[in-house]
Amino acid sequence: MSLFIIRRLWLAALVCLTVLVVSFILTRLSGDLAASIAGPNATAADIAIITKNYGLDRPLVVQFLDWAGHAAEGDLGRSFLYHAPVWGLIRDRLPVTLTLGLTGLAIALLVALPLGILAAAREGSAMDRGIMMVALLGQAMPGFWFGLVLIVLLGLDLQWLPISGVDTWQGYIMPGVVLAFSAIPALMRLTRSGMIDALAADYIRTARAKGLSRASIVLKHALRNAAMPVVSIAAVQLGFMLGGSVVIESVFALPGVGYLAWESITKNDFPVVQAVVLFLAVIYIALTLLADMMNAVLDPRLRG
């Protein structure tokens, strides 16, 4: 088990280094950083001064090593737009993003698990095909479009929910539903597949022979084994949701890390962009690592 953990940690470190390099290169390829900082009315002398002050005249390798070294120490730099430490900006907005991600995951599990169980119990029926069609629709529907539809329908027409902000808990419902809709298909299919395999197992036939009720067989015996991979993959889905919060928070104007990233991209605040990309990547890598370890605990065959 220790060797398995070491391999996964080594792989996670390589992925994190790759994200560092890619995010740094993309920000440098997006244009002249000094000109973006100086603004459209800046003179050549102003741009030259900014280039010197921010160390942008140094070789790119030196710039990257300097930024990566400070990032490893927890110093993500200062924002050009807010003139404040980047880590402080992320820390202040992180609770909104985490609450949104956990809300979306809870909604996804509450919807995907019952539908997956129902589809498996009625395998091959019209209900099974209808549920799988819903999964296909959820996989194909763009999140930003679904969010706009909910805003118009539930926010403007019916006025049931707020269309932006998180002043009350209702503000998390619509963006949580949009995030959940992207995760429901994968969780639903995994639940259905696991339940079909479990219901065909020998111990289920033994339970039927003992005269146990259908509800007891499905919910008490089959679901216990079918839900194991769903629990582990839920961590990965949470990482997807946190990454997808950039779009959803922009649509619903939520003051989270995703909306901070959107503001920084549109206003060329490159230290914040690099830091947010790195931060979300580290969270996703950590959740993926957690899912791998949970899978190894649940299935010892994966440790080899």
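## Overall architecture

Helices here are DSSP runs of H or I with at least four residues, and strands are runs of E with at least two. On that basis, the secondary structure of this predicted model comes to 12 helices and zero strands, so that reading from the N terminus gives α-α-α-α-α-α-α-α-α-α-α-α. Along its principal axes, the C-alpha trace of the chain spans about 85 × 55 × 30 Å.

A UniProt entry, which is unreviewed, lists residues 94–291 as "domain: ABC transmembrane type-1". In the model, that span is 83% helix and 0% strand, and its end C-alpha atoms lie 22 Å apart.

## Burial, contacts and charge

Of the 304 residues of the chain, 39% count as buried, while the accessible surface comes to about 16,200 Å², with 69% of that area belonging to carbon and sulfur atoms. Among the contacts in the chain with a separation of 6 or more, residues 24 or more positions apart account for 73%.

## Salt bridges

The structure holds four salt bridges, including one in which the side chains of aspartate 128 and arginine 192 meet at 2.8 Å, N to O. This pair links distant parts of the chain, with aspartate 128 in helix α6 (residues 126–140) and arginine 192 in helix α8 (residues 173–199), 64 residues apart. Both aspartate 128 and arginine 192 are buried.

Another salt bridge joins aspartate 66 to arginine 58, with the closest N and O atoms 3.7 Å apart; aspartate 66 is partly exposed at a relative accessible area of 32%, and arginine 58 is partly exposed at 31%. Arginine 91 and aspartate 92 also form a salt bridge, their closest N and O atoms being 3.8 Å apart. Here arginine 91 has a relative accessible area of 47% and is partly exposed, whereas aspartate 92, at 56%, counts as exposed because this value is over the 50% cut-off.

## Two residues in their surroundings

Glutamate 263 is placed in helix α11 (residues 257–266). Its relative accessible area is 15%, which is under 20%, and therefore glutamate 263 counts as buried. Leaving aside neighbours within four places in sequence, glutamate 263 is in contact with Tyr82 and Arg93.

Leucine 60 is found in helix α4 (residues 60–72). Not counting residues up to four places away in sequence, leucine 60 touches Phe24 and Arg28. The C-alpha atoms of leucine 60 and phenylalanine 24 are separated by 9.4 Å, although the two residues are 36 residues apart along the chain.

Note on methods. Residues numbered from 1 in each chain as written. Predicted model: local features only at pLDDT ≥ 70, side-chain atom pairs only at ≥ 80, totals over all residues. Heavy atoms only, no water. UniProt positions renumbered as here; feature names shortened; annotations may be inferred. Buried < 20%, exposed > 50% of the residue type's maximum accessible area, 1.4 Å probe, protein only. Contact = heavy atoms within 4.5 Å. Areas by Shrake-Rupley, 256 points an atom, 1.4 Å probe, with all protein chains shown as cover.
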